[in-house]
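Please read these notes with the model open beside you. They go through it point by point.

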Amino acid sequence: GRSYCVRTQRMLNQCLESLVQKVQSGVVINFEKSGPDPPPIGEDGLVDSSRPINSFASQPWHSCHKLIYVRPNPKTGVPVGHWPIPESFWPDQNSPTLPPRTAHPVVRFSCVDCEPMVIDKLPFDKYELEPSPLTQYILERKSPHTCWQVFVSSSGKYSELGHPFGYLKASTTLTCVNLFVMPYNYPVLLPLL
């Protein structure tokens, strides 16, 4: 955080200008690792089996409370999204109210390398992640052609982790990491389409 001590009208204007420049349009998400760490990558970009994997020691990138930038449409100024982040419960018609939930969704990511999937004419949402230990770790792996699937716990009826609703992927230029949001359980849906 930051505090400002305002003594004059001019200082007030300067402080407001400073605050406006810092405001980013986005959504805060809790990213948490699910499952084991990925195998270490060597200098050549290939899996380095000589280095041990220490999946149980907590690393800063295992859990990040960060922003995803939601950019407005340049023509309308309104952000456009096609797919929601799933809720952490399966709807129950017999329940008169919705269960309580956290203000910031908890998105779990699996460190298993997967193929990024998109198909023509089916929209997807792409959000850039705010720089964090997680984005730094993904970029250092230098794997712009693989992705890590994302899940919301308890979003599926019969599974604890639920089904994937998108993936984290480094940009091809390795300058940022993006969250791709797709239809729920997209690995099953896309081949059917």
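The points below cover the surface, the cores and the salt bridges of this predicted model.

1. Helix α1 runs over residues 9-22 and holds L12. S18 is found in helix α1 too.

2. Together with V6, L16 and L19, L12 forms a nonpolar patch. The accessible area of these four residues together is about 310 Å². In soluble globular proteins, nonpolar side chains tend to be buried together.

3. What joins the side chains of S18 and Y4? It is a polar contact, with a distance of 2.9 Å.

4. The largest nonpolar core consists of 23 residues. F31, F109, L129, L134, L168 and L179 are the ones with the most contacts inside this core. Several elements give two or more residues to the core. They are the strands β1 (26-34), β2 (63-69), β3 (106-110), β4 (125-129), β5 (148-151), β6 (166-170) and β7 (177-181), along with helix α2 (133-140).

5. Setting aside residues up to four places away in sequence, L134 touches F31, W61, C64, F109, L129 and L168. Of these partners, F31, F109, L129 and L168 are also listed among the residues with the most contacts inside the core.

6. Another core, of eight residues, lies apart from the largest one. Among its members are C147, Y167, M182 and L190.

7. L190 deserves a point of its own. Its place is in helix α3, residues 186-192. Is L190 buried or exposed? L190 counts as buried because its relative accessibility is 4%. Leaving out neighbours within four places in sequence, L190 is in contact with M117, V118, I119, L122 and M182.

8. How many salt bridges does a search of the whole structure find? It finds four. One of them pairs K33 with D37, and the closest N and O atoms there are 2.9 Å apart. Both K33 and D37 are buried.

9. A further salt bridge joins the side chains of E128 and R71, at 3.0 Å from N to O. E128 lies in strand β4 and R71 in the loop between β2 and β3, so this pair ties together parts that are 57 residues apart in sequence. E128 counts as partly exposed because its relative accessibility is 26%.

10. The side chains of E87 and R101 also meet in a salt bridge, with 3.1 Å from N to O. Both residues lie in the loop between β2 and β3, so the pair ties together parts that are 14 residues apart in sequence. E87 is partly exposed, with a relative accessible area of 31%, while R101 counts as exposed at 57% relative accessibility.

Methods. Residues numbered from 1 in each chain as written. Predicted model: local features only at pLDDT ≥ 70, side-chain atom pairs only at ≥ 80, totals over all residues. Heavy atoms only, no water. Patch = residues over 30% accessible without salt bridge, like charges linked within 9 Å, V, L, I, M, F, W, Y side chains within 5 Å. Areas by Shrake-Rupley, 256 points an atom, 1.4 Å probe, with all protein chains shown as cover. Helix = DSSP H or I, 4+ residues; strand = E, 2+ residues; numbered from the N terminus. Polar contact = N/O pair within 3.5 Å; in protein donor to acceptor, adjacent residues only side chain to side chain. Buried < 20%, exposed > 50% of the residue type's maximum accessible area, 1.4 Å probe, protein only. Contact = heavy atoms within 4.5 Å. Core = buried A, V, L, I, M, F, W, Y, C linked by side-chain atoms within 4.5 Å.
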